[in-house]
Amino acid sequence: MSSVAPTGGGRLYGVGVGPGDPELITVKAAKLIAAADVIAYHSGTHGRSIARSVADNLVPDTAIEELLAYPVTTGSTDHPLGYYGVISDFYDASADRLAEHLTAGRTVVVLAEGDPLFYSSYMYLHDRLSGRFTAEIVPGVTSVSAATAALATPVSRHEDVLTVLPGTLPLPELARRLADTDAAAIMKLGRTFDTVREALRQAGRLDDAWYVERASTGDEHRRRVAEVEPGRVPYMSMIIVPGRDRRSDSADRHRSLDRPGYRGRAAGVTVGEVFVLGLGPGPDRWLTPEATEILDRVGHVVGYGPYVDRVPQRAGLERHSSGNTVEVDRAGFALQLANQGESVAVVSGGDAGVFGMASAVYEAAEDPRFAAVPITVVPGLTAAQAVAARAGAPLGADYAVVSLSDRLKPWSVIEKRLDAIGAADLVLAIYNPASRSRTTQLGQAQEILLRHRSPHTPVIIGRDVGRDGEQLEVTTLGDLDPATVDMKCLVIIGATGTRLGPHGVWTPRFVPAES
């Protein structure tokens, strides 16, 4: 039980009464309910409270009861701020009602189905009252625990990740998260059931999913999700997707491909294919039709987590995410899948051939095991192109592209290249200009280029171009402040002839002959 320091008045308790079976109410909760001055509970517009019915035998006759009935339970309302506006007003009014009791020194117990801080209405009262009165939380058995107990099936083992999801998520997001987790519990069903079932199908998890209705009560029902009639699903239901027991799951590719002694594709299996493609710098509209067509038909997508997240989940697609500094290992995994006859897309942001995964795939493919695997690189829109287009036409003539990251090459090499680019009077697009651990390189690059360029040379800084929060700044080489640049930025530094005009920044196609 946790508490917040008192500031005056009575004492507020958020008490979990469990998932439905009164015998699952904790001893602590039962004592508090029986001794309360005020018992409060939520309900829908009908006025029937499940939490109140669970605790019925414990509520004393002397208690003042406060029914907190929601004014609406869907998004339809005439409130000027919509559904969330009317609900916010409801919580304010409910908190005011309870505050009167607390100010009078009464003990107030708010009953919560399951646990008070797990998708519970109590949380919103806690937000409004805990700063003014002593507030304590008594945890309860959650509906997830009750549903998994009803199935009597282990849900997560060893390092499995269990994800709890609201069924109200958009279909693509729900399908993606289901595909990316080991085990899942999906709440808030009812009207969302059709969408949830389609998300399970797209994620390839429908056959493993179980439906549990009113867990722990006398009306408990359980069956496979594929067998459930959509029109008869109440809100008080849940879907459980158990993780696989990998001790005996020889089909799990993550484990089987990485096991010691792996020797390549099995006898008789036709070799697959690896596509290496760029997703563009951000928005879906910058994804090429060719890349879209490939993503619609491959069986596997492999890549850095945020890039894999951008690929819509669908039936038959397996997703394999990994960290940001294991490019060759990631490429080798994709090639192993292809060696077993699978079709694989290895994804990068921007263009896969520009500081992306294409080079890593070719590096891994030097292993003789992968000599027969076809590799196709599919072009994508680069970040440099996107930032340049936002600013005008700064790449209208000869230009160079450099990454300031010294993870794969020494800084001394980068310095020599920057000096040569400055001397050659090329426009420069800079990738990876800074990071949390690299805070000095852009300033050093600025100093090198100022040896060759005027301080008035136009500089473009594009941050998150094409995505939410997009920013574009035009400054000069002399006024550039490296402290304002981070890993989300791409920097373009003009050449001698680059101009800043009324329509933007542009570099002429012609260069005067040297005298």
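Helices (H or I, at least four residues) and strands (E, at least two) are here DSSP runs, numbered from the N terminus. With that numbering, His158 falls in the loop between helix H5 (143-151) and strand S7 (162-166). The model discussed here is predicted.

Although His158 is not a glycine, its phi is positive, at about 50 degrees. His158 is also exposed, because its relative accessible area is 66%, and the cut-off for that class is over 50%. A second case is Ser216, a residue other than glycine whose phi is positive and near 80 degrees. Ser216 is placed in the loop between strand S9 (210-213) and strand S10 (221-224).

**The largest nonpolar core**

In soluble globular proteins, nonpolar side chains tend to be buried together. The largest nonpolar core in this model has 23 residues, and those that touch the most other members are Leu12, Leu98, Val108, Val110, Tyr122 and Leu129. Two or more residues each come from S3, helix H3 (82-103), strand S5 (108-112), helix H4 (122-129) and strand S6 (134-138). The greatest contribution is that of H3, which supplies eight residues. Leu12 illustrates the packing: with residues up to four places away in sequence not counted, Leu12 touches Leu102, Val108, Val110, Tyr122, Leu129, Thr134, Ala135 and Glu136.

**Asp37 and its surroundings**

The loop between helix H1 (27-35) and strand S3 (38-43) holds Asp37. This residue counts as partly exposed because its relative accessibility is 34%. Neighbours within four places in sequence aside, the contacts of Asp37 are Thr62, Ala63, Ile64, Arg106 and Thr107. For Thr107 there is a polar detail: the Asp37 side chain reaches the backbone nitrogen of Thr107 at 2.8 Å. Asp37 and Asp61 are separated by 24 residues in sequence, and their C-alpha atoms are 10 Å apart in space.

**Salt bridges**

The whole structure contains 22 salt bridges. Three of them are set out below.

| Asp180 | Arg319 | 2.7 Å |

What does the salt bridge between Asp180 and Arg319 tie together? Asp180 lies in helix H6 (residues 171-180) and Arg319 in strand S14 (residues 318-322), so the pair ties together parts that are 139 residues apart in sequence. Asp180 is partly exposed, at 34% relative accessibility, whereas Arg319 is buried, with a relative accessible area of 6%.

Arg407 is partly exposed, with a relative accessible area of 43%.

Asp419 counts as partly exposed at 30% relative accessibility, whereas Arg451 is exposed, with a relative accessible area of 60%. Elsewhere, salt bridges with shared partners join Glu173, Arg176, Arg177, Asp180, Asp309 and Arg319 into one network.

Is helix H15 mostly covered or mostly uncovered? Seven of the 10 residues of H15 (residues 441-450) are buried, and the helix is mostly covered. Gln441, Leu442, Gly443, Ala445, Gln446, Ile448 and Leu449 are the buried residues. They pack against helix H14 (411-424), strand S19 (427-431) and strand S22 (489-493).

Ser405 is found in the loop between strand S18 (399-403) and H14. Why does Ser405 count as buried? Its relative accessible area is 17%, and buried means under 20%. When residues up to four places away in sequence are not counted, Ser405 touches Ile414, Asn432 and Arg438.

Notes: Residues numbered from 1 in each chain as written. Predicted model: local features only at pLDDT ≥ 70, side-chain atom pairs only at ≥ 80, totals over all residues. Heavy atoms only, no water. Buried < 20%, exposed > 50% of the residue type's maximum accessible area, 1.4 Å probe, protein only. Contact = heavy atoms within 4.5 Å. Polar contact = N/O pair within 3.5 Å; in protein donor to acceptor, adjacent residues only side chain to side chain. Core = buried A, V, L, I, M, F, W, Y, C linked by side-chain atoms within 4.5 Å. Salt bridge = Lys/Arg side-chain N within 4 Å of Asp/Glu carboxyl O.
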